[in-house]
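Here is a short report on one residue, its helix and the packing around them. The structure comes first.

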Amino acid sequence: IGTSVRGKSAMPKFVITGASGGGKSTLIKSLSAAGYTCAPEAGRQIVAEQLASNGTALPWADKAAFMDLLFARSIAAFDQIAETAGQSVFFDRSFIEAIAYGEVIGRQPPRFMLEAVAERRFDNPVFVCPPWEAIFARDAERRHDFNFAIRDYEANLAAYSAAGYDLLEIPRASIAERRAFVINMLG
C-alpha cells in the first residue's frame, strides 16, 4: 500500500467507491464508529442542500452544475481533511467520481479537473463496493434505478483505473465482515 498523498503527507488516504446503493456509506459509518477519520459522500450532501434550497444542481436537473459542484466539494474535502497521527482516513467516494459522472452524462471533464486528479493522490487500493441489488434502495436523494447504478459503477471503475489506481472489491457480506475486510487489508 502506497503512502503518496500530494507528496507531503504519510497519512494514508483511502477511497471507498463502487455502486450507488452498494453499502459504501454504511461501511464508512462503521469505520467511523471504529475510530477512523472518515469523509462523508459529497454527492448526497449536495443533493440534500439543493433540495432544501430549491436549487437545480441536481443529477436529474442541471447535471453539469452537479458535476462541477461534486468535483469542487470533493477536492475541498481532500484538501481540508485534518491530519491525524498517521491514522488511515477513508473517503466515501471522491473527486474522481465527478470525472466518472461526466462520462455517464457525456461531458468531458475540463483540463483543471484532470490536473487536480493527477496532483492529488489516494493510497492503493481503492476499495470497491459492487452492485448489490438486495440492498439497493431509492430515497429522496437517490432517485435513479439499479440499472443506472450499474452504469455509474462501471464508469467509476474505469475512471479510477484510468487514474492509475488498483481496485479491490469488498465482498458482499455483513457490515462487520466488510469493515474487518477493509481493516485487515490495511495490514
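Ser30 is buried, with a relative accessible area of 8%. Buried means under 20% relative accessible area and exposed means over 50%, with partly exposed in between (1.4 Å probe, protein chains only). The model is predicted: local features need pLDDT of at least 70, side-chain atom pairs count only at pLDDT 80 or more, and totals for chains, interfaces and linings use all residues. Residues are numbered from 1 along each chain as its sequence is written, and side-chain values use heavy atoms, without hydrogens or water.

Ser30 sits in helix 1. Helices (H or I, at least four residues) and strands (E, at least two) are DSSP runs, numbered from the N terminus. Setting aside residues up to four places away in sequence, Ser30 touches Ile175 and Arg179. Contact here means heavy atoms within 4.5 Å.

Helix 1 spans residues 24–33, and Lys24, Leu27, Ile28, Ser30 and Leu31 are buried in it. Seen down the helix 1 axis, these buried residues fall within an arc of 160°, so they line one face of the helix. The arc is taken from the directions from the helix axis to the C-beta atoms. Lys29 and Ala33 are exposed on the other side of helix 1. Gly35 follows helix 1 and has a positive phi, near 105°.

The elements below are among those covering the buried residues of helix 1.

| Element | Residues |
|---|---|
| Strand 1 | 13–18 |
| Strand 2 | 37–39 |
| Strand 4 | 126–129 |
| Helix 7 | 175–185 |

How do helix 1 and helix 7 meet? Their axes come within 10 Å and cross at roughly 70°. That makes helix 1 roughly perpendicular to helix 7, a class that runs from 65 to 115 degrees. Axes are lines fitted to C-alpha atoms, for helices over the stretch in contact, and angles run from 0 to 180 degrees between N-to-C directions. Thr26, Leu27, Ser30 and Leu31 in helix 1 meet Ile175, Arg178, Arg179, Val182 and Ile183 in helix 7.

Now the cores. A nonpolar core is a set of buried Ala, Val, Leu, Ile, Met, Phe, Trp, Tyr and Cys residues joined through side-chain atoms within 4.5 Å. The largest has 33 residues, and Phe71, Phe91, Phe95, Ile96, Val117, Phe122 and Tyr165 touch the most other members. Helix 3 gives this core its largest share, six residues. A second, separate core of 11 residues includes Phe14, Ile16, Leu27 and Phe90.

Methods: Parallel < 35°, antiparallel > 145°, perpendicular 65-115°, else oblique.
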